[in-house]
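Dear colleague,

Please find the structure below, together with its sequence. I would be grateful if you would look it over before reading the notes that come after it.

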Amino acid sequence: MLRIHFTGKDLGGVRMAAGPDPLWETILSFHRIRDRRGPLAFGEWRRETRTRLNGETSLLSALVPQRGYFPDFLTPGQGRLGFDAGLEAGLEALRATPHERIRAELALLVMGNERGRDPGGRLATLADGGSGGLGRLVEALRVYHRAAVEPYWPHIRARAEADRALRGRALLDGGADELLSTLPPMLRWRSPVLEADYPVDRELRLDGRGLLLQPSFFCRSTPVVHRDPTLPPVLVYPVTHSDAPAVTERGGPTLGRLVGHTRSAVLRAIEHGSTTSELARRTGVSLASASQHACVLREAGLVVTLRHGNAVLHTLTPLGAALLRGGRPAEGLYARNGPVTS
């Protein structure tokens, strides 16, 4: 079990990541592509992604075992890079990792491997400190990300941002206590300690540093934290899955159903998150009509719906947000909204 210990200052420093982190999603997706769990959420994604992969996974296999520790330097994180950081910013931060830290974390990885082995000597080459080894790692991550994560990024981002809206509403309703109480079931808030299902016993003391909550599409079953307790604290936890990721294509016949003043008003009412009851009230339609309009928008790929207590919360997908902007997408593939802070 993992136990995260909060002080009063830490509660004031709880914050939500603005969206999915490209490197966390890349590393955690590498776990998912090698297991058979979650066939509904990940089965089709595995089949599609494997057809696009060539030899770029050999180095990643040495660095990211199927179970247990993987080096912290692989996921520099939004907390260090800023909320608009994309994949390239993360890779540059990884490239700038001090060699002393790389060697220390790789030594931990080798110790954790079966019989302390380094298959193919790949880790030793990386630990030598030459720019060539780190450059090959950066390129392997970039190529793998393009095959496994980038084609599905709008879907991944929509799920993470829907989770963010859910947690942000809880924060506004009841503060950090309410936010921590609404996290997925494998996380249990027993003030002043957040307990989590975890493969080993571990105590993490925040000591006034606060905590970044990072929702992740490819995280599964248990949350993830950095092993190094001196790094800025981040808790990566799984988002709710209601469908499988798909390569997003704009347009299509479903969008033809988005005709008329009422449905446009419904879409605008969902812009900052809305329950079905709020949607009916804001647009002046019946509860049944609001639910029907939200269903059509969801089928069109413009809205994501998550359960929020006894109600459901509707939020826009990137495509829905682009439609409200007159078809103009946000700046860049990884552009996000601003942070939610307590």
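Predicted model: local features only at pLDDT ≥ 70, side-chain atom pairs only at ≥ 80, totals over all residues.

Residues are numbered from 1 along each chain as its sequence is written, and side-chain values use heavy atoms, with hydrogens and water left out.

Helices and strands are DSSP runs numbered from the N terminus (helices H or I, at least four residues; strands E, at least two). Axes are lines fitted to C-alpha atoms, for helices over the stretch in contact, and angles run from 0 to 180 degrees between N-to-C directions.

Helix α13 (residues 287-299) packs against helix α11 (residues 261-269) at an angle of about 75°, the axes being 10 Å apart. This makes α11 roughly perpendicular to α13 (65 to 115 degrees). In this contact (heavy atoms within 4.5 Å), α11 contributes Thr262, Arg263, Val266 and Leu267, and α13 contributes His293, Val296 and Leu297.

Helix α12 (residues 276-283) also packs with α13, at an angle of about 105° and with the axes 8 Å apart. These two helices, α12 and α13, are therefore roughly perpendicular to each other. Their contact is formed by Thr276, Ser277, Leu279 and Ala280 of α12 with Leu287, Ala290, Ser291 and Ala294 of α13.

The whole structure holds 14 salt bridges (a side-chain nitrogen of Lys or Arg within 4 Å of a carboxyl oxygen of Asp or Glu). One of them joins Glu203 to Arg3, with the closest N and O atoms 3.0 Å apart. This pair links distant parts of the chain, since Glu203 is in strand β5 (residues 202-205) and Arg3 in strand β1 (residues 2-5), 200 residues apart.

A search of the whole structure gives three cavities of 30 Å³ or more (on a 1 Å grid over the protein atoms alone, sets of points where a 1.4 Å probe fits but cannot get out; lining residues have an atom within 4 Å of a point).

Finally, the peptide bond from Ser191 to Pro192 is cis, with omega near 5°; Pro192 is in the loop between β3 (187-190) and β4 (193-196). Asp207, in the loop between β5 and β6 (211-216), has a positive phi, near 55°, although this residue is not glycine.

With kind regards

Definitions and conventions: Parallel < 35°, antiparallel > 145°, perpendicular 65-115°, else oblique. 1 Å grid on protein atoms, 1.4 Å probe; cavity = no way out; pocket = protein on both sides within 12 Å on 5 of 7 lines; lining within 4 Å. Points joined across faces, edges and corners; volume = space filled by probe spheres on them.
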